[in-house]
Amino acid sequence: MTDRELEEVLTFRWPLVMRRTMAGTDEWLKGFVRSIAKHGKRPTWRPTGRQEQIMRRLVSELGTTPERDVELIER
């Protein structure tokens, strides 16, 4: 994962991944996404190979699909 990819994931995709994960019941996954968010604030941090794999999977599964229960303000 390049520095640019990591920055894009942490800035734009990870907040959505976190919201969707926190709505679930998997405690390990909740801890993982919180940990990545915490470590991602450090400028010198880089994910391990395994962390990167999980991050990419989560972004592809949770960070790009549209919200299911979108409520329109105006109808």
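Reader: Hey, how are α1 and α3 set relative to each other, oblique or something else?
Author: They're oblique to each other. This is a predicted model, and in it the axes of the two helices cross at roughly 60 degrees. The cut-offs put 65 to 115 degrees as roughly perpendicular and under 35 as roughly parallel, so α1 and α3 come out as oblique.

Reader: Ok, and which residues make up those two helices?
Author: Helix α1 covers residues 3-22 and helix α3 covers residues 49-62. Their axes come within 9 Å.

Reader: Is that crossing left-handed or right-handed?
Author: The crossing of α1 and α3 is left-handed.

Reader: Which residues in α1 and α3 actually meet?
Author: From α1 you've got E5, L6, V9, L10, R13, W14, L16, V17, R20 and T21. On the α3 side, they meet M55, R56, L58, V59 and L62.

Reader: How many of those are nonpolar, polar or charged?
Author: The contact of α1 with α3 has 10 nonpolar residues, four charged ones and one polar one.

Reader: What does T21 touch, if I skip residues up to four places away in sequence?
Author: Then T21 touches L29, K30, V33 and L62. L62 is also one of the α3 residues in the contact with α1.

Reader: And what lies 2.8 Å from a polar atom of the T21 side chain?
Author: That's the backbone oxygen of V17. V17 is also among the α1 residues that meet α3.

Reader: Switching topic: where is Q51, and is it buried or exposed?
Author: Q51 is in helix α3. With a relative accessible area of 19%, Q51 is buried.

Reader: Which residues does Q51 touch, again leaving out those up to four places away?
Author: Q51 touches F32, I36, W45 and R46.

Reader: Zooming out, how many helices and strands does the protein have?
Author: There are three helices and zero strands. Following the sequence, the pattern reads α-α-α.

Reader: What share of the residues is buried?
Author: The protein has 75 residues, and 29% of them count as buried.

Reader: Last one: what share of the contacts with a separation of 6 or more comes from residues 24 or more positions apart?
Author: Those residues account for 59% of such contacts in the protein.

Technical notes
Residues are numbered from 1 along each chain as its sequence is written. This is a predicted model: local features need pLDDT of at least 70, side-chain atom pairs count only at pLDDT 80 or more; totals for chains, interfaces and linings use all residues. Side-chain values use heavy atoms; hydrogens and water are left out. Axes are lines fitted to C-alpha atoms, for helices over the stretch in contact, and angles run from 0 to 180 degrees between N-to-C directions. Helices (H or I, at least four residues) and strands (E, at least two) are DSSP runs, numbered from the N terminus. Angles under 35 degrees count as roughly parallel, over 145 as roughly antiparallel, 65 to 115 as roughly perpendicular and the rest as oblique. A crossing is left-handed if the near helix is turned anticlockwise from the far one by less than a right angle, and right-handed if clockwise. Contact means heavy atoms within 4.5 Å. Ala, Val, Leu, Ile, Met, Phe, Trp, Tyr, Cys and Pro count as nonpolar, Asp, Glu, Lys and Arg as charged, and the others, Gly among them, as polar. A polar contact is a pair of N or O atoms within 3.5 Å; within protein, one must be able to donate a hydrogen and the other to accept it, and residues adjacent in sequence count only if both atoms are side-chain atoms. Buried means under 20% relative accessible area, exposed over 50%, partly exposed in between (1.4 Å probe, protein chains only).
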